[in-house]
Amino acid sequence: MIISGQLLLPSGERTVNIQPGWLRLEEDRIAEVHPGEIHSRPDLGGEDFLVSPGFIDTHLHLPQIDSFGAFGERLLDWLNGTIFPAEIAWSDPDHAQLRARSAMEQLFACGTTGIVAFASNHFESTRRSLETARELGMRASIGQTLCDMEITPELLVPTADSLRQARELLEGFPPGTDRVTASVAPRFALTCTGELLSGCGDLAREFGAIVQTHLAEMEPECERACELHDASDYTSIYERAGLLTSRSLFGHSIHLSPDERSRLAAAGSKAAHCPTSNTFLRSGVMNRAQWLRDGYGVTLATDQCAGYEKSMIRVARSMLEVTMFVGEKPPSEFEAWWQITAGNAQELGWADNGVLREGAEADIVLIKPEHPWHKLRRPLSDLLWTFDDRWLKATIANGKLVYRQA
Ligand code: GUN
Ligand code: ZN
């Protein structure tokens with residue numbers, strides 16, 4: 001397949017540029033990239049298309065896709081009142097499979113081709129979510145949400161069972177071998193015993209798995225976590241369990257002391273920054289620029305459905321806005337596009353993803369606004385701030401057309 005347009009290409013540290021060009025896909029890979037010339041007869045695209053790598057979302061919850069819009073609630077009440085009932089419905093694997101498919105199709109329609117996601121607390125529903133990602137061609141790391149205390153009985157799985165089920169998923173979808181792999185996903189310190197967290201740390205080390213969890217999202221949560229685990233700060237709860245690894249993603253990571261940030265940085269762990277979720281639940285504002293200065297890597301995520309946005313482009317917009325609100329210089333539009341493509345891929349260790357490069361995975365989005373955007377003075381900034389879903393014309397994942405605007 002030949003695709004032509006304005007190519008979003010890597011260009012130095014933490015940035016991208018756009019150049020006219022074309023590329024050829026062969027099966028699931030990008031076989032050729034030709035900057036500098038527009039192909040006269042592409043299968044997809046044209047001079048006024050943006051051709052971008054598919055977007056990567058590093059933190060979202062598949063069972064929450066039917067629970068958007070519970071505005072006004074704060075984290076702990078929102079979990080109990082809105083989210084846990086929706087996740088209990090995932091005890092039915094057939095329901096879970098249908099909704100997982102719908103979630104992934106909606107993500108493709110937003111240009112997202114790679115995800116790190118929580119499934120529900122149920123083994124079979126998580127396994128079906130992984131199967132669905134494989135069938136649809138989504139690049140995915142998905143974990144069974146693990147909870148062994150202080151949660152409604154329908155979502156509680158005893159410690160030994162939780163660890164056995166997580167292991168079985170890791171064996172079935174081993175990290176590092178495929179586009180679809182299992183991750184280790186203890187929900188957060190409020191619903192996990194020290195024993196479960198340590199078992200998760202052991203599994204993550206044994207399998208070299210991505211760890212995904214929540215850290216320091218809101219202040220009362222931090223206090224409760226320290227009380228339950230007899231800890232001096234929230235980070236130390238995960239630290240003592242061996243969960244601070246270079247493949248660990250800590251959702252939110254807002255209310256962290258400089259010392260916690262430096263320990264997270266030393267471990268090579270990453271924050272999953274969720275700006276739309278943080279404002280929606282009034283949890284706080286993460287200072288991305290400061291966290292980066294501290295050496296704490298930052299990825300960007302929707303956190304559906306506490307995050308009200310499915311589109312990574314609009315979450316990038318929100319990232320720029322909240323960076324300004326904390327008094328920092330916002331990243332450029334080039335860095336924003338880098339973050340949702342190559343940046344997120346790099347932080348996840350997905351070396352072949354997030355870039356238009358020979359040999360990379362063929363995950364591509366085509367965008368075509370109605371106006372002559374590429375002739376403007378700041379084309380990518382224009383696209384970012386005015387983005388309209390009706391401009392997203394096609395998404396290719398794993399070399400196949402997975403979304404095309406009707
Ligand atoms: N903390 C623990 N579970 C969740 C969740 O599902 N969403 C958010 N935003 N925070 C959490
Ligand atoms: Zn989350």
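This report walks through a predicted model of a protein with a ligand, from its overall build down to a single residue.

## Overall build

Let's start with the whole chain. The protein has 13 helices and 17 strands. Along the principal axes, its C-alpha atoms fill a box of roughly 65 × 45 × 35 Å. The radius of gyration is 20 Å, which agrees with the value near 22 Å that a compact globule of 406 residues would have.

As for the inside, 53% of the 406 residues count as buried. Sequence separation is worth a look too: take the contacts between residues at least 6 apart in sequence, and 72% of them join residues at least 24 apart.

## Two packed helices

Two packed helices can be described by the angle between their axes and the distance between those axes. Here the pair is H2 (residues 93-109) and H3 (residues 123-136), which pack at about 35° with axes 9 Å apart. The crossing of H2 and H3 is right-handed.

Who touches whom? On the H2 side the residues are Pro93, Ala96, Gln97, Ala100, Arg101 and Met104. Facing them from H3 are Glu124, Ser125, Arg128, Ser129, Thr132, Ala133 and Leu136. Sorted by class, this H2–H3 contact holds six nonpolar, four polar and three charged residues.

## Around ligand 1

Which residues are around ligand 1? The list runs His61, Leu75, Leu79, Ile83, Arg187, Phe188, His214, Glu217, Ser277, Asp303 and Ala306. By class, that shell divides into five nonpolar, three polar and three charged residues.

Helix H1 (residues 75-88) supplies the largest share of the shell around ligand 1, with three residues.

Leu366 sits in strand E15, which covers residues 364-367. Is Leu366 buried or exposed? Leu366 is buried, because 25 other C-beta atoms lie within 10 Å, and the cut-off for buried is 20 or more.

Leaving aside neighbours within four places in sequence, Leu366 is in contact with Gly5, Leu44, Gly45, Phe49, Val51, Lys393 and Ala394. For a sense of distance to another part of the chain, consider Ser102: Leu366 and Ser102 are 264 residues apart along the chain, and their C-alpha atoms are separated by 21 Å.

Key. Residues are numbered from 1 along each chain as its sequence is written. Chains are lettered from A and ligands numbered from 1 in the order in which they are written. This is a predicted model: local features need pLDDT of at least 70, side-chain atom pairs count only at pLDDT 80 or more; totals for chains, interfaces and linings use all residues. Helices (H or I, at least four residues) and strands (E, at least two) are DSSP runs, numbered from the N terminus. The radius of gyration is taken over C-alpha atoms; the globule rule is 2.2 Å times the number of residues to the power 0.38. A residue is buried if 20 or more other C-beta atoms lie within 10 Å of its own, exposed if 12 or fewer, and partly exposed in between; C-beta atoms are placed from the backbone. Two residues are in contact if their C-beta atoms, placed from the backbone, lie within 7 Å. Axes are lines fitted to C-alpha atoms, for helices over the stretch in contact, and angles run from 0 to 180 degrees between N-to-C directions. A crossing is left-handed if the near helix is turned anticlockwise from the far one by less than a right angle, and right-handed if clockwise. Ala, Val, Leu, Ile, Met, Phe, Trp, Tyr, Cys and Pro count as nonpolar, Asp, Glu, Lys and Arg as charged, and the others, Gly among them, as polar. A residue is near a molecule or strand if its C-beta atom, placed from the backbone, lies within 6 Å of it.
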